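Visitor: Hi, could you walk me through this one? I'd like to ask about a few spots as we go.
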Amino acid sequence: MLHEFAVRGSIARTAEALDYTPSAVSQQLAVLEKEAGTPLLDRTARSAGLTDAGKRLAGHAERILAMVEAAEADLSAHAAQPSGRVVVTAFPSAAVAFAPALARSLRQHQHLTLLLREADPAEGLQLVRSGEVEVAIVDDWTGRMSADLEASEAGQGVLSYYHLVRDPLVLVVARDHPAADPERPVDLRALRTASWLAAPAGEPSREAADRLLAAVGLTPPVPSEFEGLGTVANLVARGLGIAIMPRLAVGAYERRVVIRGLPAGLDLARDVFAVARTASVVRPSVGVIVAALRGAAKTMARQQAADTPEPAPEPSR
């Protein structure tokens, strides 16, 4: 219960997650405080938070629960074949990109079932950490997860990180747009007055695209904003504008648009990871899903390398 409180951040959300009443959660945490001999929660009239002792004990709780899961996983690892239900979360474009590989893995293991849910990366990580899902597909624009990857490869940490693909920003235009000509170098400055389409301000992909355009001194007119990169790709395919977006997000529209590599030096990209609890990966059911994602990622990387032209030098002015 203390672990759930640390994850959820409030007694009400902890009660909802565990199917208890808030008063029952509060009483049980009070019992735990008495057993620990020190305050674990800093209570006010409207909220409660963990004390330093509570944070330390919550860290122990997470490791203890991981050890219990490791014991369960060790027993199930000797099962004859993968079975049971695996829950996976993914951000929308990754859900579309990786769903076929997951579906194929299910055809090979008839006793295995899957639930693929859409969730933003922060929510996906929280759900994995809390044990509500087995695997989360998340993206990272900052490079910070590379350190988490190194730690997990060293056998450290409750979570294991698996790098899937590096997903670069690309210019996406309609097939009949002048910038679609592969013989013409991409000149972003020449597109200053084009009809730009973008995700809403504040979205990670939008912030990355804005940084890229700013790097070449380009401030296009305020773009038309649309929730969902699939919607943006669809509008580009219809000739209603151009966009800079992650290659993976072009998805089902890639045959209806032209994808151009950006000028050399403008190599902004996100990294896509699969994240699972370290203790759960030895379970055959979870191992099959992780292996399917990694296999699909290798195929995807080869396909992207073949389909996306090499970036050309930026035109001089």
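Guide: Happy to. Buried residues make up 45% of the 317 residues in the chain; buried means under 20% relative accessible area, exposed over 50%, and partly exposed in between, with a 1.4 Å probe and protein chains only. Please keep in mind that this is a predicted model, where local features need pLDDT of at least 70, side-chain atom pairs count only at pLDDT 80 or more, and totals for chains, interfaces and linings use all residues. Residues are numbered from 1 along each chain as its sequence is written, and side-chain values use heavy atoms, with hydrogens and water left out.

Visitor: Thanks. What does the secondary structure of the chain come to?
Guide: Ten helices and eleven strands. Helices (H or I, at least four residues) and strands (E, at least two) are DSSP runs, numbered from the N terminus. The C-alpha trace spans about 70 × 55 × 35 Å along its principal axes.

Visitor: And among contacts between residues at least 6 apart in sequence, what share joins residues at least 24 apart?
Guide: That share is 76%, where contact means heavy atoms within 4.5 Å.

Visitor: Let's zoom in on H3. Which of its residues are buried?
Guide: Val-25, Leu-29 and Glu-33. Seen down the axis of H3, these buried residues fall within an arc of 80°, so they line one face of the helix; the arc is that of the directions from the helix axis to the C-beta atoms.

Visitor: Why would residues three or four places apart point the same way?
Guide: Because an α-helix has 3.6 residues a turn.

Visitor: What covers that buried side, and what is on the other one?
Guide: The cover over the buried residues of H3 includes helix H1 (2-8), H2 and strand S1 (41-43). Gln-27, Lys-34 and Glu-35 are exposed on the other side of H3.

Visitor: What sits on either end of H3?
Guide: Asp-19 is in the loop between helix H2 (11-18) and helix H3 (22-36). The phi of Asp-19 is near 60°, a positive value in a residue other than glycine. After H3 comes Gly-37, with a positive phi near 75°.

Visitor: Is Asp-19 buried or exposed?
Guide: Asp-19 is exposed, as its relative accessible area is 71%.

Visitor: New topic: how do S3 and S4 pair?
Guide: Strand S3 (residues 84-90) and strand S4 (residues 112-118) run parallel, joined by seven bridges; two strands pair if DSSP finds at least two bridges between them. The chain crosses from S3 through H5 to S4, and this β-α-β crossover is right-handed. Right-handed here means that, with the strands pointing away from the viewer, the path from the first strand over the helix to the second runs clockwise.

Visitor: Where is the kink in H5?
Guide: A kink of about 45° lies at Phe-98, shortly before the proline Pro-100. The bend at a residue is the angle between axes fitted to the seven residues ending there and the seven starting there. Phe-98 is also one of the buried residues of H5, which include Ala-95 and Leu-102.

Visitor: Last one: where does Arg-256 lie, and what does Arg-256 touch?
Guide: Arg-256 is in the loop between strand S9 (243-246) and strand S10 (257-260). Not counting residues up to four places away in sequence, Arg-256 touches Arg-175, Asn-234, Ala-237 and Arg-238. Arg-256 counts as partly exposed because its relative accessibility is 38%.
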